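Biologist: Hello! I am new to this structure and would like to understand the words used for it.

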Amino acid sequence: MGLVYLLQETAALITPMNLFYCFVAVQLGIIFGMLPGLTATVGIAILTALTFQWDPGNAILVLIGIYVGAIYGGSRSAILLNMPGTPASAATCLDGYPLARSGQAAQALGLATTASFLGSMAGLIALSFLTPLLGSVALQFQSYEVFWLAVFGVAICGNLTAAGDPVKGWVAGLLGILLSFVGMETIHGFRRFTFGVSELMPGFGIIPVLVGVYGIVEILTSLSDTSGERRMPQIGRTLPQVRDVLANWVNIVRSGVIGVFTGIIPGVGENIGSFVAYDFAKRASKHPEKFGKGSIEGLIASETGNNAVVGGALVPVLALAIPGSPPAAVLLAALFLHNIRPGPLLVIENPTYMYTFSAMFLLASFAMFILGILILKPLLKLLTIRKSIMMPVIMVLCMVGTYAIAGRLFDILVMITFGLLGYPMRKLGYPEAPFVLGIILGPMVDENLRRGMLLSHGNPAAFFVSPISIALVIMTFFTLFGRTQPVRAVFRFALSPVRGTMRSIGRTLGLVRRNGNSGSPSASGASEPFPGDRGEDEDLHK
């Protein structure tokens, strides 16, 4: 039935106006992705502001097109200039640029386009068929479970986006949650942290915050980069050869699956999915020595992986209202702005919307493939525009989009303030994704904590009763403290009886096999050490 609904919604979307919006949005997303300093998140944030007054269907279609196009577009500058247009294309530089330098730029661009399309198809499968399953589980969520889900989302986002120092990710997420408390709370209408400023009563608008944290920060970062301009190599025919695609079908399937499940994890992002797929491809390759020197396998793996993350990242957006990547976080905010409430109630309030959303994703993926093959050389001229010219234009778009939402100069002040806050955060290694996610999920944490306390008459034990709550508490605990030595020691101690039992079973099976082969009991067999006994401490560490 899911396939039938998907085909019905796709057929309903195929109108001249929808196709026009889709192709223009994807092309604009490709431009955002290929220009270093402009990312998918920045593009979605700016277009969310500019399309705020649009019809929800057209606005969401445009934003999905921007998302799909930008993740793919980053591969162009990565292959030609060794400059990833988006963080998702960082792994593409490793083999794409060596291929371009060796005279295979056209082949690399064609394979990147095809791999991106196939990765998007893997994401589409997940988006269409995993979202209903996850949504049915989400129906079991009450205030207690939603509270822990929001806390877990911020915790794992901080853990994975700041892998070198997770504390910085958690600090950024906690700061976002605290700033989300500014304004009038929703249960009793009490003003919090407004300090007599009436403009703060509604709280910080999500669009000014997003444009400031991503748009302004990217502008400042790009203008502060003093690296010189790079020349582009000449390119020819970009249509990939079928034999190269068919020879890597296992790599494509594996990278697509990795990308999908990486995207489903809240807060991970396309860059991690790309590197994980690249790593698995290198481990499975017959020629791992070619990776980093112009390997077609590495290029296909990275591009399939990062585009598959897009569909996977949108699964928890629709089912749980928790984004799987930073661009998905902005898209989640856009859905709320257009009165579309993703999460556990979506399958009840609008049961077919997930298929409408998937159909939009399908159209955007086909548009990305067509535009990626047909329109390439004219757009590459944009890469020659100096940053000192391009970035002021982007600054004007940020200000216009922010002001157009409510016509308040205060929103522009908020945008600039959060941009000035986000720039030193980035320089100091505090990631933006958990910060923004904290602002988005902060009201969910606040409202469900207080509502749960009201329902339980002030008894906090109610938050630790249901199986879902217990599972989320355990996952949150291990996300926060799983790397500490005490937790690892306890975990090893708890598993020691299981390991002892498995060694005993192994010894018994070994004796049975040896006795069966000799035809009579043999005491000598018992004296031989079982392989599991050797290097016990080493195995336990592993």
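This is a predicted model: local features need pLDDT of at least 70, side-chain atom pairs count only at pLDDT 80 or more; totals for chains, interfaces and linings use all residues.

Biologist: Why is Ser180 called buried?
Modeller: Buried means under 20% relative accessible area, exposed over 50%, and partly exposed in between (1.4 Å probe, protein chains only). Ser180 has a relative accessible area of 16%, so Ser180 is buried.

Biologist: And what makes Leu495 partly exposed?
Modeller: Its relative accessible area is 36%, so Leu495 counts as partly exposed.

Biologist: Why is the pair of Tyr278 and Phe291 called edge-to-face?
Modeller: Rings of Phe, Tyr and Trp (its six-membered ring) pair if their centres lie within 6.5 Å; planes under 30 degrees apart count as stacked, over 60 as edge-to-face and the rest as tilted. A search of the whole structure finds 13 aromatic pairs. For Tyr278 and Phe291 the centres are 5.4 Å apart and the planes at 75°, so this pair is edge-to-face.

Biologist: How do you know that Tyr278 and Phe291 are buried or exposed?
Modeller: Tyr278 has 9% relative accessibility, so Tyr278 counts as buried. Phe291 is buried too, because its relative accessible area is 7%.

Biologist: What makes the pair of Tyr353 and Phe357 tilted?
Modeller: Their ring centres are 6.2 Å apart and their planes at 50°, so the pair is tilted.

Key. Residues are numbered from 1 along each chain as its sequence is written. Side-chain values use heavy atoms; hydrogens and water are left out.
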